[in-house]
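Good morning, colleagues. Please take a moment with the sequence and the structure before I describe them.

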Amino acid sequence: MVVSKTELFDEALQEKANLFKALAHPARLQILQFLAEAKTCISWDISEELPLSRTTVNKHLKELKDAGLIRGHVEGVKMNYCLDGEKVKEMKNLLTSFLEEIQLPDDFACQ
C-alpha cells in the first residue's frame, strides 16, 4: 500500500501545513488583505484588483477556499466572496501557537 509522506505526520501538523500553504503566495495574501479591507462580501471580479489574469486569480481563490479561509457562493451570474472570520481566527491562533512552540531563547546563536 502506498502511503503519502504527509500521512507520516500527525493530523494537527498536517492541518497547520495545509493552512500555512494557503498563505505561501503573495497573490493569496493580497486577496486576503483585499477581502479584509473590503469589510464585506464582494461580488465583483477580484482579478480587477490584482496584477494577474482572471484564470490565475481563480486558481488562488480556489486554494483559499479549499483551505477554508474564504467562502464563495453564486449570486446571480457572479461569485460572491467573503473571508471566513472563524477560520481566519483559527489560523491566527495556530500560527501564533506554532511560533511560540519553536521560539528560541534571546541568547540563541547559531554557530
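In what follows, helices are DSSP runs of H or I with at least four residues, strands are DSSP runs of E with at least two, and both are numbered from the N terminus. In those terms, the elements of the protein run α-α-α-β-β-α from the N terminus on, giving 4 helices and 2 strands.

Two remarks on provenance. This is a predicted model, in which local features need pLDDT of at least 70 and side-chain atom pairs count only at pLDDT 80 or more, while totals for chains, interfaces and linings use all residues. Residues are numbered from 1 along each chain as its sequence is written, and side-chain values use heavy atoms, with hydrogens and water left out.

Let me begin with overall dimensions. Taken along the principal axes, the box filled by the C-alpha atoms is roughly 55 × 45 × 25 Å. The radius of gyration, taken over C-alpha atoms, is compared with a globule rule of 2.2 Å times the number of residues to the power 0.38. A compact globule of 111 residues would come out near 13 Å, but the protein has 17 Å. I call a residue buried under 20% relative accessible area, exposed over 50%, and partly exposed in between, using a 1.4 Å probe and protein chains only. Buried residues make up 26% of the 111 residues. For contacts, the criterion is heavy atoms within 4.5 Å. Of the contacts between residues at least 6 apart in sequence, 50% join residues at least 24 apart.

I turn now to helix 3. The expected span of a helix is 1.5 Å times one less than its number of residues. Helix 3 covers residues 54-66, so its 13 residues should span 18 Å, and the 18 Å between its end C-alpha atoms agrees. Which residues of helix 3 are buried? They are Val57, His60, Leu61 and Leu64. These cover an arc of only 105 degrees around the axis, which puts them on the same side of helix 3; the arc is that of the directions from the helix axis to the C-beta atoms. On the face turned away from that buried side, helix 3 carries the exposed residues Thr55, Lys59 and Asp66. The cover over the buried residues includes helix 1 (11-22), helix 2 (26-38), strand 1 (70-75) and strand 2 (78-83). Just after helix 3, Gly68 takes a positive phi of about 85 degrees.

Next, the strands. Two strands pair if DSSP finds at least two bridges between them. Strand 1 and strand 2 run antiparallel and are joined by 6 bridges. Among these pairings, Arg71 has Cys82 of strand 2 as its bridge partner, and Gly72 has Tyr81. The hairpin has 2 residues between the strands, and Gly76 there takes a positive phi near 70 degrees.

The interior comes next. A nonpolar core is a set of buried Ala, Val, Leu, Ile, Met, Phe, Trp, Tyr and Cys residues joined through side-chain atoms within 4.5 Å. The largest one has 19 residues, of which Ile31, Leu35, Ile46, Leu61, Leu64, Leu69 and Ile70 touch the most other members. Helix 1, helix 2, helix 3 and helix 4 (85-101) are the elements that give two or more residues to this core. Helix 2 gives the most, with 4 residues. If residues up to four places away in sequence are not counted, Ile46 touches Ile31, Leu35, Val57, Leu61 and Tyr81.

Finally, a few individual positions. Lys39 sits in the loop between helix 2 and helix 3, and because its relative accessibility is 74%, Lys39 counts as exposed. Most residues other than glycine have a negative phi. Lys39, although not a glycine, has a positive phi of about 55 degrees.

Asp84 lies in the loop between strand 2 and helix 4. Leaving out residues up to four places away in sequence, Asp84 touches Gly68, Leu69, Ile70 and Arg71. Asp107 is found in the segment after helix 4, and counts as exposed because its relative accessibility is 67%. Ala17, by contrast in location, lies in helix 1 and counts as partly exposed at 43% relative accessibility.

Thank you for your attention.
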